[in-house]
Every structure is written in structure tokens, then in C-alpha cells.
Amino acid sequence: MGLKGLLIACFRVSALVGAQTIPRDTILDILSTDPQLSRLSTLVNSLPPLVQQFNTADNFTFLAPTNDAISLWLATNRSSDYIQATLQYHLLSGTVASASITSSPIFIPTALTNHSYCNVTGGQRLKATSNGGHLLFGSALQTTSNALSTDIIAFGGIVHTIDKVLELPIGPAETIVAENLSYFIAIAEKEGYLSGKARPFVDAYFSRPNTTYFIFNSAKALAHLNGTSLNATTILKSSGYGLAPRVIYSTAFVNGTQIMTVLGLPLLVTVQDGNTYINDAKVTSRDNFISNGVFHVIDE
């Protein structure tokens, strides 16, 4: 056989082998054939828009909650719109194999773009990390879902099964209440933010798209305000000073960098002795997902 014939034969063999190894199972095929995912399969197939989206998904990672996770989640009554938005939140952009996830967090865009639930350009995010090779996925209200089985190959992407349904991000004010940031709530009440008169400002403040908030929540912050009299201008300036007009996750907290606020004033990031500071305020909780971005809790 000449060189040309040999090359043609090799090409045919390669094509045959490739055709045999390319996965043909879609997300729905995988869900329907795994007994541990039968409740999820039923749920997805009851929502035609999801069926269409999942069947045509490409370059994706899907986090599939097990039967136990779905049963626990459905114990609370959920609307069909909420169920659809939540499951879209489980469909990640890009093929994120387990080997690509490390102890350093990554924030991955998802297919959740419905403006009724998300006001983040490019889709709502979630956090992925690894602890000793064990994959963890973080969602709203500091919820963590553990990966059970990983890297299930599908047509156009991969599937990881998880033990808990991801928590859909909600609005900033609702998240503050749900996470019981009691000092911030007390400060807001003291300054009149919970009154009907302040409602237009509060609604506008918490409805901005693609936003990062720095929420002060500590006894020290509350004590600092007790006995003081702040005028409206000071309140508005201090509120804008804790507001950045883009979504900034903690991976951007690099020592010496600056974060510009909506007022055009810089916040200095300092990392020292394992702690992170925004100006002089210590970050006590980071990467709290909300429907329009993220907030970080600081102590003053």
C-alpha cells in the first residue's frame, strides 16, 4: 500500500473510532437512565421550555440534584416559574470538569438570565471550589451543595450529581433579613431606612443591576452611630460609598488594588495576616449572592 492509501486507511480508522467514542446521551437521556435522578427527570420533562433548552445545550456543565435533594426541596411549595429558574441556575456555561476546580474559588455563569430572578449580565453566578478533591458548589444564603458523582460525559458537556438543590439568589434586602444581619437591620431602622418615606430610595438602592454592596454589620458599627445625628446628605454619601457599579467577587480582593464606588471614590483593598480589609473595615463574610450581584459583609 502506498503512502496515500495508508493515510486514507488511517483516516477511516480514526473516523470510525471517533464515531464510536463521541457521547450521544443528552442531559435528558442521562437523567432518565439514572435511578437516583428520576425525580429530577420527571420535573424537567414537565416543563417544555426546559426540555428544549436542555436538549439543545452545548458546552455546558449540569449539576443534577439527586432524588433525595429534589424531594426535600419540593417539600416547600414552588411555582413552575420558580422551578424553571432554579433548574436553569444548575446549567452552567462551559464544560467544568472536576480536575479544573481547585481550592481557589471560581465564579461560573449559568443559564439563569430571566430578569424576574436575575439582574446580572451574562447570567447569575455560582461558586465552585474543591476541598481535598471533594467538589463544593456555593449558591445563595451561603448554601453549599456537595458533588456525589462527577464528570458524567454527555453530548456537548458533562454532568455532576449533587446532594442539595442550589439556592436561587433573591433580592439584597431579602437576603439581609434571611441571613439575619441584625446589626445592619438595627442601623437601617435607626436611620429611618425602614420607614415608608424612605421606601423609594431603598428600592432604588437595592434594585441596581450588576452591583456589589459592602454591608456593615457589627456591634461596633451600631455603637458608632448611636448618639449621632446624620443628615440626609451624609446618609446618601455613606450609602453610595459602599456601592460599586459592577459585580466584584472576592477573587478580586488583591492587596493594594482599588475598587471604585458609584460616587467615583476609591476603596483600598488590603490583605494582611490572612484577613481582608476594605479601607479600614474587615471583611467578615464574602460572596453573598443576590439577584442583582453580590454583597460582602464588613465590620464598620
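Okay, A198 first: with 13% relative accessibility, it counts as buried, where buried means under 20% relative accessible area, exposed over 50%, and partly exposed in between, using a 1.4 Å probe on protein chains only. A198 sits in the loop between α8 (182-190) and α9 (199-206). Helices and strands here are DSSP runs, H or I of at least four residues for helices, E of at least two for strands, numbered from the N terminus. Leaving out residues up to four places away in sequence, A198 touches G192 and Y193, a contact being heavy atoms within 4.5 Å.

Before I go on, some housekeeping. This is a predicted model, so local features need pLDDT of at least 70 and side-chain atom pairs count only at pLDDT 80 or more, while totals for chains, interfaces and linings use all residues. Residues are numbered from 1 along each chain as its sequence is written, and side-chain values use heavy atoms, with hydrogens and water left out.

On confidence: pLDDT is the predictor's confidence in each residue, from 0 to 100. The chain averages 88, and 87% of its residues reach 70 or more. Residues 3-20 are below 50, and that stretch has 2 contacts in the model beyond near neighbours in sequence.

Now the sheet. We have an open one of 7 strands, ordered β2-β1-β7-β6-β5-β4-β3, with mixed pairing; two strands pair if DSSP finds at least two bridges between them. β2 (91-93) and β3 (106-109) are at the edges with a single partner strand each, so one side of each has no neighbour in the sheet. β3 runs antiparallel to β4 (residues 125-131), and 4 bridges join them. In that pair, F107 has K127 in β4 as its bridge partner.

Let's zoom in on T61, in strand β1. At 0% relative accessibility, T61 counts as buried. Its side chain reaches the backbone oxygen of G94 at 2.8 Å. Setting aside neighbours within four places in sequence, the contacts of T61 include H90, L91, I158 and H160.

Last up, helix α5 (residues 67-74). Which of its residues are buried? N67, A69, I70 and W73. Looking down the axis of α5, those buried residues fall within an arc of 165°, so they line one face of the helix; the arc is taken from the directions between the helix axis and the C-beta atoms. On the face turned away from them you'll find the exposed D68 and L72. The buried residues of α5 pack against α3 (38-45), β1, α6 and β7 (157-162).

Methods. Polar contact = N/O pair within 3.5 Å; in protein donor to acceptor, adjacent residues only side chain to side chain.
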